[in-house]
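The structure is shown first, and the description follows.

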Amino acid sequence: MLSPLPRHLHRALRLLGHRGVRPRGARHLAAAPHFGLWREGAWAEAAGGGTAEVRNPATGELVATCASAEKEDVDLAVRAADAAFKRGDWSDLNPRARGRVLARAAELLRENLGELVELETRQTGRCLREYKAQLGRVPEWFEYHASYAAAKGFEGRLPALTESDHVNMVWRVPLGVCGLITPWNHPVLIAAKKISVALAAGNTVVVKPPLEAPLTVLRLAELLSDAGLPPSTLQVLPGDGPAAGDALARHPVVEKLDFTGGTATGLLIQKSMAECGRVRSYCAELGGNAPVLVFADTRSVEEAVDGVLFSAYVASGQTCVSGKRTLG
């Protein structure tokens, strides 16, 4: 028998879900909360009516169902993001004004950390104690990038020149619509790393989180909206990679794409972007092969063994920075 949902998770799901909406023909899902897409500052269903289950991989427990975006949904979101960028709702704000919104979002993240930790644990099956440590650092990403942008990141500079009759000015401006594709092993942490810097720079953002674990990224978008982020500045579209992910990679309006995941998928995304016919910036964080070094003067062999084991098996070893080789 599955244990009942904790009170914090009930609250989180109630905040996110749409009551009374459930997949057609799935009577056994009647009690499962349902999450829409976060598009243009509000909840929306997928244009094609597609849905997916979010299950705890450790127990098989049904955590929720969610809308599953396809090409049409991606197009609607990207064009709304482009319109918002051109209006200057966010992009024309002074970096310090953007920083205040992101700082408020960091406060809201801390206030809701308990809900986020439990929700993350339910949808990924990972240990609660690991997420308590990991998610406690998420607000810092918004604070850091907000303060950097306001202090020095986007104020311009005057590089020195030898010729006295020339002036060379470097001025940083936002790119436009950024597409972010995030993985299932660290759903909200990796999303927050990407979203915080993209927003601090003044861009509008469309995120495709993993369909297997999208709930905390959806909640993050809602908290940013509560902090004062304008509609269509950040949109979150859970969806299948070959449908929603490929559509985001190929969309001609997206100015930059950032992906974290497997090498094979990263190459497919690069191919899709090239076939689009436009040269655009692409950042890919793919699989790693991290060594762990143990030196002869280590303080304690026991501590070294503990450290090696932790690096190799944290998150069941399903992380890009997990230790793959031990060298002594």
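This is a predicted model: local features need pLDDT of at least 70, side-chain atom pairs count only at pLDDT 80 or more; totals for chains, interfaces and linings use all residues.

By class, the lining of the second largest cavity has seven nonpolar residues, with no polar and no charged ones.

The count of cavities of 30 Å³ or more comes to two. The largest holds about 40 Å³ and is lined by W38, G41, A221, S225, L229, P230, P231 and L234. Six nonpolar and two polar residues make up the lining of the largest cavity, and charged residues are absent from it. The two cavities are set out below.

| Cavity | Volume | Residue classes in the lining |
|---|---|---|
| Largest | about 40 Å³ | six nonpolar, two polar, no charged |

Two packed helices are described by the angle between their axes and the distance between the axes. For helix α2 (residues 71-87) and helix α9 (residues 241-250), the axes come within 8 Å and cross at roughly 40 degrees. Helices α2 and α9 are therefore oblique to each other, and α2 passes α9 in a right-handed crossing. At the contact, K71, V74 and V78 of α2 meet A244, A247 and L248 of α9. By class, this contact of α2 with α9 has five nonpolar residues, one charged residue and no polar residues.

Key. Residues are numbered from 1 along each chain as its sequence is written. Side-chain values use heavy atoms; hydrogens and water are left out. Axes are lines fitted to C-alpha atoms, for helices over the stretch in contact, and angles run from 0 to 180 degrees between N-to-C directions. Helices (H or I, at least four residues) and strands (E, at least two) are DSSP runs, numbered from the N terminus. Angles under 35 degrees count as roughly parallel, over 145 as roughly antiparallel, 65 to 115 as roughly perpendicular and the rest as oblique. A crossing is left-handed if the near helix is turned anticlockwise from the far one by less than a right angle, and right-handed if clockwise. Contact means heavy atoms within 4.5 Å. Ala, Val, Leu, Ile, Met, Phe, Trp, Tyr, Cys and Pro count as nonpolar, Asp, Glu, Lys and Arg as charged, and the others, Gly among them, as polar. On a 1 Å grid over the protein atoms alone, a cavity is a set of points where a 1.4 Å probe fits but cannot get out, and a pocket is an open set with protein on both sides within 12 Å along at least five of seven lines; lining residues have an atom within 4 Å of a point. Grid points are joined across faces, edges and corners, and a volume is the space filled by probe spheres set on the points.
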